[in-house]
Amino acid sequence: MLAVFAAALIALGVAGCAPSRPSWTEHPLRIAGGSVTGVYYDYGTQLAKVLRRDLDVDAQVIETNGSVDNLHLVGAGQAQLGFAQSDAIADAVAGTGDFDEPLPIRAAARLYDEYVHVVVRADSGIRSVSELAGRTVSLGGTGSGVSVVARRVLEAYQVPAGRVRDVGLGLDASIAALTDGRIDAFFWVGGLPTPGIERLAGRLPIRLLSIGPDVVERADAAHAGVYRSAEFPVGTYGSDESTVAMTVPNYLVTSADVPDALVSDVLAELFSARAEVARSVPAAALLDRRLAIFTDPIELHPGAGEYYRDSRR
């Protein structure tokens, strides 16, 4: 009897010391992702998996057309988290472009830089973005950040968007259309490597068109100073030479109304599981606590600020 009584006391003591489940986890958590063959969706899927396992929260990813869709969903409270490009975010906080009014959004973290892809078949005679005039091209699906960037790149090349026959496809449909020869090129903005394009390159030789530093400079000067020059590493998608590219930072965003504890807890899980997530999403390896706080032109959520302050102690 004494042994049973002692065991009961120990059990009660353990139960009393067990950490309580955060109250925000009692509600579903929705993450606005992107195309199922893009990095956003993969990243969101892995993050949701970690949150379900470690915090016992009903976390799910929503398939979307990309940044613009994601920002609208987060701003409307239909998703608590979402991925978005900084150029689309600049429009969202200013209430311009695809946004009729400023959205009540905040940043959780700067994640990685995305690369602007302009993809053609390897046997295509197109060698420059300026040669897309008069061609059938996908500038990205409606509600995507790809569409925003594609038009700005064309503008910087002095190619009016009206000179291109835009079929407005998402990534999956663009890949299929290029494979079938129904389009001459497509734009995409994503981390390296983007899974869908990597699979495409495995069955169809492709080539990436360069976006020169002078073009990047013009686009950057005209649009919130968010674009930078970079290079696709040799070997990317089977290439045997480097390609000059334009990059744009990518952020994890949330609503201004989301509880501080939710954002802080999610960031703790995100950074803790970085190596695990990176095994499936290489871009996750670029997550850096020292750089994550630089989210201009959008303010950090107070919960994010709390997490970064505490993590420095």
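**Cores, a central strand and a pocket**

The largest nonpolar core of this predicted model has 47 residues, and Val129, Leu132, Val153, Phe186, Phe187, Ile211 and Met246 have the most contacts inside it. A nonpolar core is a set of buried Ala, Val, Leu, Ile, Met, Phe, Trp, Tyr and Cys residues joined through side-chain atoms within 4.5 Å; buried means under 20% relative accessible area with a 1.4 Å probe, protein chains only. At least two residues of this core come from each of several elements, including strand E4 (105-121), helix H5 (145-156), strand E7 (185-190) and strand E10 (243-255). Helices (H or I, at least four residues) and strands (E, at least two) are DSSP runs, numbered from the N terminus. With six residues, H5 gives the most to this core.

Residues are numbered from 1 along each chain as its sequence is written. In this predicted model, local features need pLDDT of at least 70, side-chain atom pairs count only at pLDDT 80 or more, and totals for chains, interfaces and linings use all residues, while side-chain values use heavy atoms, with hydrogens and water left out.

Which residues does valine 153 touch? Leaving aside residues up to four places away in sequence, Valine 153 touches Val116, Val129, Phe187, Ile211, Val215 and Met246, where contact means heavy atoms within 4.5 Å.

Of its 17 residues, 13 are buried, so E4 is largely enclosed by the rest of the structure. E4 and E10 pair in the antiparallel sense over nine bridges; two strands pair if DSSP finds at least two bridges between them. Alanine 109 has leucine 252 in E10 as its bridge partner. E4 also pairs with E7, again in the antiparallel sense, over five bridges, and valine 116 stands opposite valine 189 in E7. With E8, the antiparallel pairing of E4 runs over three bridges, and here arginine 121 stands opposite isoleucine 206.

A pocket is an open set of points on a 1 Å grid over the protein atoms alone where a 1.4 Å probe fits, with protein on both sides within 12 Å along at least five of seven lines; lining residues have an atom within 4 Å of a point. The largest pocket is lined by 15 residues, and Arg207, Leu208, Ser239, Glu241 and Thr243 lie nearest its centre. E8 supplies the largest share of this lining, three residues.

Terms used:
Buried means under 20% relative accessible area, exposed over 50%, partly exposed in between (1.4 Å probe, protein chains only).
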